[in-house]
Each structure stands twice: as structure tokens, then as C-alpha cells.
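Subject: A structure for you to explore

Hi there,

Here is the structure I promised to pass on. Have a look at it first, and then read my notes below alongside it.

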Amino acid sequence: MLCERCGQREATVHQTLVTNGKKQESHLCVECAREAGTLPGFSFPNLSMQQLLSSFLGQTLPGAGSGKPQLKAEPTCRHCGMTYSQFAQSGLLGCPRCYQEMEQQLMPLIKRIQGNVSHGGKVPKRTGGLARKRRDLKMLRAQLQSAVQSERYEDAARIRDQIRALEAEIAAGGDDGGVE
């Protein structure tokens, strides 16, 4: 696709703007996007990565004047010596074992930022019919367990029926023509 503005270079900057329910798309090359001032860039001159991470962690940065001494022993990785406050300041963990050593502090943070603590991945609609059905089946089983635990039996019965139908499709090899 060529740039809408100059018509000479490949459009690599694609922008969609929705205003009052009306969708407006533009496809520009980098040079024209820079000239038009629509080149994507994230510049927050008064906000550092440390400040952003600290806001997620619910902590203040050193020098911000909390003035309260910590009463609890700070979580520390036994392998690399990284402390939780060092992580809060830098946004980086010291080693892979830090995830296990500071799991109680990190998992709520990861869930708040990403919405979940495990990666489910994405499956393209046009290619992953069977993979998508398997993912949907796993999600339905989790919903069923949640419904039963909270004693929503009508919902549980409906979800159970959806699971059975999906299992039958998978067993029949229902792939919707997609390639895995």
C-alpha cells in the first residue's frame, strides 16, 4: 500500500481515529507521518519508567518523602540477592528465580497489569480453527468450575452443554478448514 499523502513510498504508519463513532483511517510513509506530526511516539517528559512502575506497585520512590520505616522483612531473591524495592526502582528482576522468590508480591502486580498471570496466546481466525476450539474448551472448563463453586447451577448446566458440543466438534475433526 502506498502512502496516501505522497503516493511514492510504502505506507508503514497506519492510524485509526474514532471520533463520535466515525472511523477515519490514514496510511502514511514514515516521512509524511513525521511531517504531519502523526508519527507514533511515546514521550512523557515528566514521567519516568521508574515512576510508572512505582505507581503500579503502590510505592513511592526514594526521596519522595514517605518517611515510614519498613516493619516487615523485605522479600529478597536467595539466588541473586535482588530485593523487591530494587525491582520497584528499576523495573527489572535480577534472575529467573526472582519470580519464584517474590511470587506473592509479583503475581498480583502481573495480574493487574496484564489481566492474567498465565499467557493464553492468540490464534488467528483464518488459520487456527482446531487450536481456537481447544482454547475455547479450556476456557469453558474454567468457567464451569467457577460456576459450580459459586453455586450458579443454571449457568453451569449451560456451560456443560457448550463443552459437550465443542468436544463433539473436536472429536469429529471439525477444523473449519483452518490450517494449524
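Helix α6 is part of what covers the buried residues of α7. Please keep in mind as you read that this is a predicted model.

Let me start with α7 and then turn to its partner. The buried residues of α7 are Ala-156, Ile-159, Ile-163, Leu-166 and Ile-170. Looking down the axis of α7, you will find these buried residues within an arc of 90°, so they line one face of the helix. Turned away from that buried side is a face with the exposed residues Glu-154 and Arg-164.

With 19 residues at 1.5 Å a residue, α7 should span 27 Å, and its end C-alpha atoms are 26 Å apart, which agrees. After α7 comes Gly-173, which has a positive phi near 80°.

Now for α6, which covers residues 129-149. This helix has 21 residues and reaches 30 Å from its first C-alpha to its last, close to the 30 Å expected at 1.5 Å a residue. Which residues of α6 are buried? They are Gly-129, Leu-130, Arg-132, Lys-133, Leu-137, Leu-140 and Ala-147. Seen down the axis of α6, the buried residues fall within an arc of 140°, so here too they line one face of the helix. What do the buried residues of α6 pack against? They pack against α7, residues 153-171. On the face of α6 turned away from its buried side you will find the exposed residues Lys-138 and Gln-149.

**Between the two helices**

Where is Glu-151? Glu-151 sits in the loop between α6 and α7, just after α6. Its phi is near 60°, a positive value in a residue other than glycine. Glu-151 counts as exposed because its relative accessibility is 57%, and the cut-off for exposed is over 50%.

**The hairpin**

Let's move to the strands. Strand β1 (residues 13-19) pairs with strand β2 (residues 22-28) in the antiparallel sense, over 7 bridges. To see one of these pairings, find Thr-16, whose bridge partner in β2 is Glu-25. Together β1 and β2 form a hairpin, with 2 residues between them.

Asn-20 is in the turn of this hairpin. Although Asn-20 is not a glycine, its phi is positive, at about 50°. Is Asn-20 buried or exposed? With a relative accessibility of 78%, Asn-20 counts as exposed.

**A pair of rings**

The structure holds 1 aromatic pair. In this pair, the rings of Tyr-84 and Phe-87 have their centres 5.8 Å apart and their planes at 50°, so the pair is tilted. Why tilted? Planes under 30 degrees apart would count as stacked and those over 60 as edge-to-face, and the rest count as tilted. Tyr-84 and Phe-87 are 3 residues apart in helix α3 (residues 84-90), which separates them by about one helical turn. Both Tyr-84 and Phe-87 are buried.

**The whole chain**

Now step back and look at the overall layout. How many helices and strands are there in the protein chain? There are 7 helices and 2 strands, and along the sequence they follow the pattern β-β-α-α-α-α-α-α-α. The protein chain has 180 residues, and buried residues make up 21% of them. Among contacts between residues at least 6 apart in sequence, 37% join residues at least 24 apart.

**How confident is the prediction?**

The mean pLDDT of the protein chain is 76, and 69% of its residues reach 70 or more. Confidence is highest in α7, at 89, and lowest in helix α2 (residues 49-57), at a mean of 62. Over residues 60-70, pLDDT stays under 50, and for this stretch the model has 5 contacts beyond four places in sequence.

Enjoy looking around, and write back with any questions.

Best wishes

Conventions: Residues numbered from 1 in each chain as written. Predicted model: local features only at pLDDT ≥ 70, side-chain atom pairs only at ≥ 80, totals over all residues. Heavy atoms only, no water. Helix = DSSP H or I, 4+ residues; strand = E, 2+ residues; numbered from the N terminus. Expected span 1.5 Å × (residues − 1). Buried < 20%, exposed > 50% of the residue type's maximum accessible area, 1.4 Å probe, protein only. Arc of directions from axis to C-beta. Contact = heavy atoms within 4.5 Å. Pairing = 2+ DSSP bridges. pLDDT = per-residue confidence, 0-100. Phe/Tyr/Trp six-rings, centres within 6.5 Å; stacked < 30°, edge-to-face > 60°.
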